[in-house]
Amino acid sequence: MDKVSVIMTTYNSIEHIRTTLESVRRQDYPSIEVVVCDGGSTDGTLDVLREYEKLPDMELRWRSEPDHGLYDAMNKGYGMSTGEIVVCFNDVYCRKDAIRLCVEAMEAQNCSGAHADLVYADGDKVIRRWRMGEGTIAQGWMPGHPTLFLRREIYERYGLYHTDYRGSADYEFMVRILKDGNIRLAYVPETIVSMYYGGVSTKGLGGYLLSLKEGHRALKENGVKCAWVIDLKRTIRVLRQF
């Protein structure tokens, strides 16, 4: 059975860290490691990590040190991980079989990865519903990164996250691996993730404009044609989610 590495990045995350860890702890998939790369929290986050690393039913390793932002921390977390399947995750799993569903879909369809649906939530209020479906980059489609499970070999082949992006290195990474259509992803048509609303790419108009600007850059840097047309299609897809 393949081990799944859940890579988390934290910095003064006391408001959400326990909820996120509990959602992973409740998963019914039997082989999970949690790897946390912390940026030097001072608000009690480290106390929670110390508590959870002692639990007998949870395999958790963590490190706390200064980093150069979110994507640098994600890359460090990858370097600490050992699983055959990797997911970068800082939110909440909506159901206890979330990880199992994605791994089983990968295996059943002989795919390099899997993805599913998610919602953006502010507390108990759902702001956006993202039903992924299947598609191509040219259609403005992209899987939701918090639901994306990938075999380690994909990272080894294509590289890690580019740290010179402020808020869209995850999008650039997905463009990089999916642009040529060589990577097959299994789609699980279930909502498995509740994503915290208000991150870098979802914090108001400024966050969206940053995401759009960096998304356009990602397309251009990866040689994807008709980048402006894809930007428009992405925007239309986002508007339909509300």
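Buried here means under 20% relative accessible area, exposed means over 50%, and partly exposed is anything in between (1.4 Å probe, protein chains only). The model is a predicted one, so local features need pLDDT of at least 70 and side-chain atom pairs count only at pLDDT 80 or more, while totals for chains, interfaces and linings use all residues. Residues are numbered from 1 along each chain as its sequence is written, and side-chain values use heavy atoms, with hydrogens and water left out.

Thr147 is buried, at a relative accessible area of 0%. Thr147 sits in the loop between strand E7 (125-130) and strand E8 (149-151); helices (H or I, at least four residues) and strands (E, at least two) are DSSP runs, numbered from the N terminus. Beyond its neighbours within four places in sequence, Thr147 is in contact (heavy atoms within 4.5 Å) with Ala114, His115, Ala116, Asp117, Leu118, Ile192 and Val193. Gly113 is 34 residues from Thr147 in sequence and 10 Å away in space, C-alpha to C-alpha.

Turning to the strands, E2 (residues 32-38) and E3 (residues 59-64) pair in the parallel sense over six bridges, where pairing takes at least two DSSP bridges between two strands. Val35 stands opposite Arg61 in E3.

Most residues other than glycine have a negative phi. Asn12, not a glycine, has a positive phi of about 50°; Asn12 is in the loop between strand E1 (4-10) and helix H1 (17-25) and is partly exposed, at 31% relative accessible area. Cys226 also has a positive phi, near 55°. Cys226 lies between helix H7 (204-221) and helix H8 (227-241), in the loop, and is exposed at 56%.
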